[in-house]
Amino acid sequence: MRSAKIILCIFSVLGFYALTGAQQISSPSPAQSKRIVIAASAMLDGKGHVLHDTRIVIEGTKIVALDPKAGPVDYDLRGLTVLPGWIDAHVHITWSFGKDGKFAGGGGATQEDAYHTVSNAWVTLMAGFTTVQSMGSPTAFRDAIAKGMLPGPRILTVVEALSGQGEKTGTPDEIRAFVRKQKEAGADLIKIYASGGMRQGAMTLSQEQLNAACDEAKKQGLRTLVHAYRDAVRAATLAGCTEIEHGLGATDSDLKLMAEKGTYFDPQAGLLLETYLLNKDKYAGTPFYPATEEGFAVFEKILPMNHELLQRAAKIPGLKIVFGTDAVAGAHGRNAEEFIDRVRDGGVDPMAAMVSANSLGAEALGMAEQIGSIAPGLQADIIALDGDPLQDITAVRRVVFVMKGGIVYKNAARSSIPVYAGVQP
């Protein structure tokens with residue numbers, strides 16, 4: 001019932017867009033499908049290469065050629081850094097603050113909750129993120145964006161997470177049935193909570209239960225993202241799960257095992273905890289969050305531990321570190337701050353940081369043949385930065401051009417907009 005109410009509210013927002021004459025984004029019309037040429041003096045291809053003085057030719061939703069001589073030029077992005085739209089592997093797109101200013105979670109079914117969700121999607125797209133993986137949002141919202149009914153990043157979503165509760169979670173056969181149920185409900189992936197929070201971190205699923213969940217997901221053609229700390233990191237890797245989230249407490253041996261198994265790793269270097277600390281008055285005392293200053297002081301102690309984990313992970317040969325922010329209320333539209341944390345505090349090479357949110361992120365999503373690179377045959381997801389992130393990582397804050405699927409959503413004059421303009425504090 002709650003899910004149905006959320007869907008109805010979202011569609012009422014769609015009606016609001018139509019009635020108010022807000023910018024209408026729809027599937028490309030014949031006019032929108034015309035040939036588009038973008039000129040770039042510096043282009044990151046998403047795979048670790050820099051191309052100079054080239055032009056990107058787009059027809060409909062896809063890139064059809066890289067041709068330095070193509071013309072006429074429709075969008076002159078010379079002097080900027082052009083690159084594929086970013087991919088955020090871990091967001092909570094429905095999370096927001098309520099009327100009282102306090103954290104309201106993401107399960108609300110009011111019209112205001114729907115407005116917040118639509119706003120979160122918009123500011124995320126404006127920040128340069130053209131694809132995100134949501135840890136739980138209505139499939140109708142995902143589909144509305146896919147059909148062009150509202151603007152927002154391409155969304156892959158969890159329907160219902162598997163929350164580990166020891167034996168109460170169910171037998172392996174019951175867990176397999178749960179995974180099949182998610183497939184039937186339209187889930188793009190399975191989210192698994194295999195341990196407690198960052199402060200406790202004890203395993204909440206057995207090895208046998210994890211094996212069943214990740215094996216059944218593979219049989220159903222679904223990927224698995226596992227919330228895991230300490231011992232759960234190795235257990236999830238041994239279970240053949242697709243991606244490990246967070247990973248605090250992982251040893252070098254655990255990280256090397258992940259590299260050997262080809263397991264993707266999504267640690268968070270700063271944005272999540274920084275958001276909690278910046279908004280502690282809004283989170284304090286709400287479910288799952290501390291009520292006191294002393295409780296939030298724990299986050300300040302954990303922050304350098306996350307930096308240390310990423311520093312070690314970045315040195316493990318072959319470890320596939322993808323870009324995910326765990327964006328919560330207060331972080332939507334600010335996702336790119338995680339790049340700065342990773343480079344500045346985590347010791348990640350700037351180019352590796354970009355690739356983690358481009359071709360490597362697409363690979364982790366099973367979408368490498370569709371997104372993540374600027375190459376013929378792929379979706380025309382293209383952004384431009386006022387600055388060079390390889391020389392100054394803070395350039396990721398200055399996104400002045402956003403195209404998703406061949407449609408331009410943002411084309412601002414360089415040096416003319418404040419950072420994160422329009423994003424709610």
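Author: Strands, labelled E, are DSSP runs of at least two residues, and helices, H or I, are runs of at least four; both are numbered from the N terminus. The model we are looking at is predicted.

Reader: What is the average pLDDT of the chain, and where should I be careful?
Author: Two stretches call for care. Over residues 13-31 the pLDDT stays under 50, with 27 contacts in the model beyond four places in sequence. Residues 420-425 are also below 50, and that stretch has 14 contacts beyond near neighbours in sequence. Even so, 89% of the residues score at least 70, and the chain average is 90.

Reader: Is Asp100 buried or exposed?
Author: Asp100 sits in the loop that runs between strand E6 (86-91) and helix H2 (111-126). The cut-off for exposed is over 50% relative accessible area. Asp100 has 61%, so it counts as exposed.

Reader: Which element holds Asp53, the residue with a positive phi?
Author: Asp53 is not a glycine, yet its phi is positive, about 50 degrees. Its relative accessible area is 56%, so Asp53 counts as exposed. As for its place, residues 50-59 include it, and they form strand E2.

Reader: And Asp326: is that residue buried or exposed?
Author: Asp326 is another non-glycine residue with a positive phi, near 60 degrees. Asp326 lies in the loop between strand E14 (320-321) and helix H11 (337-344). Buried means under 20% relative accessible area. Asp326 has 8%, so it is buried.

Reader: Which peptide bond is cis?
Author: Look at the loop between strand E3 (62-66) and strand E4 (75-76), where Pro72 is placed. Omega is near -5 degrees there, and the cis bond is the one from Gly71 to Pro72.

Reader: Which residues line the largest cavity?
Author: Rolling a probe the size of a water molecule over the atoms shows where empty space is left. The count is one cavity of 30 Å³ or more, and the largest cavity holds about 80 Å³ of space. Its lining divides into four nonpolar residues, three polar and no charged. The lining residues are Met198, Tyr229, His246, Gln268, Leu272, Leu273 and Asn306.

Reader: Which residues of helix H3 are buried?
Author: An α-helix has 3.6 residues a turn, so residues three or four places apart point the same way. Helix H3 covers residues 139-146, and Gly148, with a positive phi near 80 degrees, follows H3. The buried residues in H3 are Ala140, Phe141, Arg142, Ala144 and Ile145.

Reader: With which residues is Gly164 in contact, leaving aside its neighbours within four places in sequence?
Author: Gly164 is in the loop between strand E9 (162-163) and helix H4 (172-184). At 15% relative accessible area, Gly164 counts as buried. Leaving aside neighbours within four places, the contacts of Gly164 are Thr169, Tyr193, Thr204 and Leu205.

Reader: How many Å apart are Gly318 and Ala259, C-alpha to C-alpha?
Author: Gly318 lies in the loop between helix H10 (293-313) and E14, and it counts as exposed at 59% relative accessibility. Along the sequence Gly318 and Ala259 are 59 residues apart, while in space their C-alpha separation is 5.4 Å.

Reader: Last one: what is the relative accessibility of Phe401?
Author: Phe401 is part of strand E16, residues 399-404. Beyond four places in sequence, Phe401 is in contact with several residues, including Ile38, Tyr75, Leu77, Ile382 and Val408. Buried means under 20%. Phe401 therefore counts as buried, with a relative accessibility of 0%.

How values were computed:
Residues are numbered from 1 along each chain as its sequence is written. This is a predicted model: local features need pLDDT of at least 70, side-chain atom pairs count only at pLDDT 80 or more; totals for chains, interfaces and linings use all residues. Side-chain values use heavy atoms; hydrogens and water are left out. On a 1 Å grid over the protein atoms alone, a cavity is a set of points where a 1.4 Å probe fits but cannot get out, and a pocket is an open set with protein on both sides within 12 Å along at least five of seven lines; lining residues have an atom within 4 Å of a point. Grid points are joined across faces, edges and corners, and a volume is the space filled by probe spheres set on the points. Ala, Val, Leu, Ile, Met, Phe, Trp, Tyr, Cys and Pro count as nonpolar, Asp, Glu, Lys and Arg as charged, and the others, Gly among them, as polar. Buried means under 20% relative accessible area, exposed over 50%, partly exposed in between (1.4 Å probe, protein chains only). pLDDT is the predictor's confidence in each residue, from 0 to 100. Contact means heavy atoms within 4.5 Å.
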